[in-house]
Amino acid sequence: MSEEQTVSLVDVLEEDEELEEEASAVLAGSDSDHCSYPQGYVKRQALYACNTCTPKGGEAAGVCLACSYKCHEGHDLFELYTKRNFRCDCGNRKFTELQCKLFAEKEEVNTLNKYSHNFFGVYCTCSRPYPDPDDQVEDEMIQCVVCEDWLHGRHLGCVVPDCVELQEMICESCMNRNPFLWTYAAHLAVPGADVQVTVVKEVTEVTEVRVTEVKEVTEVTEVTEVKEVKEVKEETGADESNTNLPNKEEKGDDVIQPSCKRSHEESEPSCRLAELLTIGQRRVQSGAVFWPSGWRSKLCSCTACQERVSAASLSFLLDESDTVLAYENKGKNSEQTQPGHDPLMSALDNLNRVQQLEIIHGYNDMKSELKDFLQRFAAEGKVVTPDDIRQFFEQQQSRKRRRVDAGRFYSP
């Protein structure tokens with residue numbers, strides 16, 4: 001291959017932006033060239049943990065997609081897929097011997113970042129790596145949308161439903177930490193073969209009696225208020241003439257103000273969670289819970305419920321655009337509307353996330369490293385020989401084997 005051919009191949013790689021951008025869509029729109037740190041705590045992005053720089057026993061840290069390529073090339077990386085509200089740690093205090101090449105001016109620590117054992121390459125309640133060389137059971141791993149840990153299907157405590165890739169899962173631990181979710185689960189969750197739902201009629205009857213009593217008290221209060229106003233009118237306006245009729249009408253308006261106030265309050269949206277509680281339908285509170293597409297739109301967003309989810313740091317559950325699927329579809333749709341949509345990405349749309357990520361990461365790695373490899377020859381004016389190309393791909397295969405042995409992780 002001549003120098004002219006080398007430069008031409010580099011140009012082709014640089015022009016191939018569409019595939020890179022669409023690959024970014026599957027990685028939740030992450031940028032492969034610029035550190036995400038200046039964006040702050042990114043709503044959702046692809047993250048990695050570096051076992052070389054922050055090994056187990058030290059402080060947990062996460063780096064963005066771009067830093068995994070530019071600052072940690074050749075390191076043992078754990079792929080964490082995507083996590084929400086995270087700020088890139090690359091080069092901060094946790095990295096004693098590494099400075100970020102893309103954005104060096106970082107604070108010592110990102111205090112709002114949340115870490116788990118995933119950042120040390122272990123997952124699930126069993127705290128095992130993925131792939132696990134000692135595990136002979138073929139099993140998929142599924143991410144909890146709350147704690148964002150990955151769990152083996154056999155460790156979820158429930159039967160995994162069909163088309164799991166189109167659903168969201170909340171693990172049993174997160175359900176128990178937020179008991180109000182069990183009420184929603186009894187009505188909204190995907191029914192499982194091992195789940196029993198019961199209706200508690202007694203609760204409904206008691207609630208109805210209480211509501212009737214409240215109504216009776218309200219009616220008595222209303223009569224008392226009107227009587228008090230009439231007594232005031234008799235004391236202050238008994239000698240008023242007909243010329244003051246407009247004023248009497250204004251006072252008549254005053255009489256109905258309490259009723260108007262109550263009407264305004266009653267027009268406010270009712271609490272869906274309270275309504276579900278009154279129905280009395282219950283679900284066995286054990287095992288992980290799977291939720292169908294669009295379930296978030298059915299959660300109550302009244303003031304009290306917003307305060308509840310905010311206190312539990314679950315406000316993202318009220319945001320339908322928070323889902324991984326929403327991020328991916330947004331990126332894919334924006335790219336597919338452009339002319340010249342790459343047929344390779346159309347094919348990727350039909351693959352599951354494991355296969356998508358394997359292909360995309362392989363493509364990104366090869367593109368970046370091949371471009372650097374060829375540019376060195378172009379800069380030195382050397383000719384690339386078949387032996388050089390063969391050696392390059394042998395190194396790629398060797399590096400891939402090392403990263404797999406280190407426990408690379410992909411989404412199901």
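**Note on aromatic contacts**

1. Ring pairs join F86, Y115 and F119 into a cluster. Here rings of Phe, Tyr and Trp (its six-membered ring) pair if their centres lie within 6.5 Å; planes under 30 degrees apart are stacked, over 60 edge-to-face, and the rest tilted.

2. The model is predicted: local features need pLDDT of at least 70, side-chain atom pairs count only at pLDDT 80 or more, and totals for chains, interfaces and linings use all residues. Residues are numbered from 1 along each chain as its sequence is written, and side-chain values use heavy atoms, with hydrogens and water left out.

3. Seven aromatic pairs turn up in a search of the whole structure. One of them is Y37 with F103, tilted because the planes stand at 35 degrees, with ring centres 5.5 Å apart. Y37 is in the loop between α2 (17–26) and β1 (42–50) and F103 in the loop between β3 (77–86) and β4 (141–143), so the pair ties together parts 66 residues apart in sequence. Helices (H or I, at least four residues) and strands (E, at least two) are DSSP runs, numbered from the N terminus.

4. Y37 is buried at 4% relative accessible area, whereas F103 is partly exposed at 27%. Buried means under 20%, exposed over 50%, and partly exposed in between (1.4 Å probe, protein chains only).

5. Y81 and W150 pair edge-to-face, 5.8 Å centre to centre with 65 degrees between the planes. Y81 belongs to strand β3 and W150 to strand β5 (residues 150–152), 69 residues apart. Y81 is buried at 6%, and W150 is buried at 1%.
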